[in-house]
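Here are a few notes from my look through your model. I hope the numbered points are handy as you go through it yourself.

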Amino acid sequence: MNSLTKPERLCSYGAIRRLFKEGQSGFVYPFRYMFYVEDAAQPEAAILFSTPKKFHKRANNRNLLKRRTREAYRLNREALSQAVAERDVTLDIAFVYSTKECHSHKTITNALQRILEQVCEHL
């Protein structure tokens with residue numbers, strides 16, 4: 001089960017606005033991340049990936065970085081899923097690639113692992 005299903009993707013305009021307005025944030029090179037936690041009857045985690053045009057003008061570079069980020073998340077999401085299920089919360093999280101360099105899959109994976117650990121600690 002390595003796919004990123006529709007309920008796992010954050011696409012509601014209201015939820016995205018709430019995440020960026022009221023959520024907590026942090027920075028782990030090369031990502032800025034925001035997360036918003038609330039109690040819910042059905043625990044789930046919704047994810048948003050972004051690579052701004054400000055840093056990467058060409059769409060193929062933005063798509064490459066988003067693909068690498070999604071893959072790193074898919075491979076490392078188990079700990080986050082368990083933490084969300086244990087605490088019965090809904091978690092919205094956004095990963096914003098915030099540097100001009102195009103990093104390797106290994107660098108992106110290590111950064112995402114650190115971010116997920118920090119988010120699990122805040123739950």
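1. R17 sits in helix 1, residues 13-22; helices here are DSSP runs of H or I with at least four residues, strands are runs of E with at least two, and both are numbered from the N terminus. R17 counts as exposed because its relative accessibility is 51%, where exposed means over 50% relative accessible area, buried under 20% and partly exposed in between (1.4 Å probe, protein chains only). Its C-alpha atom is 26 Å from that of E86, 69 residues away along the chain.

2. A word on the basis: this is a predicted model, with local features needing pLDDT of at least 70 and side-chain atom pairs counting only at pLDDT 80 or more, while totals for chains, interfaces and linings use all residues. Residues are numbered from 1 along each chain as its sequence is written, and side-chain values use heavy atoms, leaving out hydrogens and water.

3. Do look at the peptide bond between Y29 and P30: it is cis, with omega about 5 degrees. P30 belongs to the loop between strand 1 (24-28) and strand 2 (31-39).

4. D88 is not a glycine, yet has a positive phi of about 50 degrees. D88 lies in the loop that links helix 3 to strand 4 (89-97), and is partly exposed at 40% relative accessible area.

5. In helix 3 (residues 78-87), A79, L80, A83 and R87 meet L116, V119 and C120 of helix 4, with contact meaning heavy atoms within 4.5 Å.
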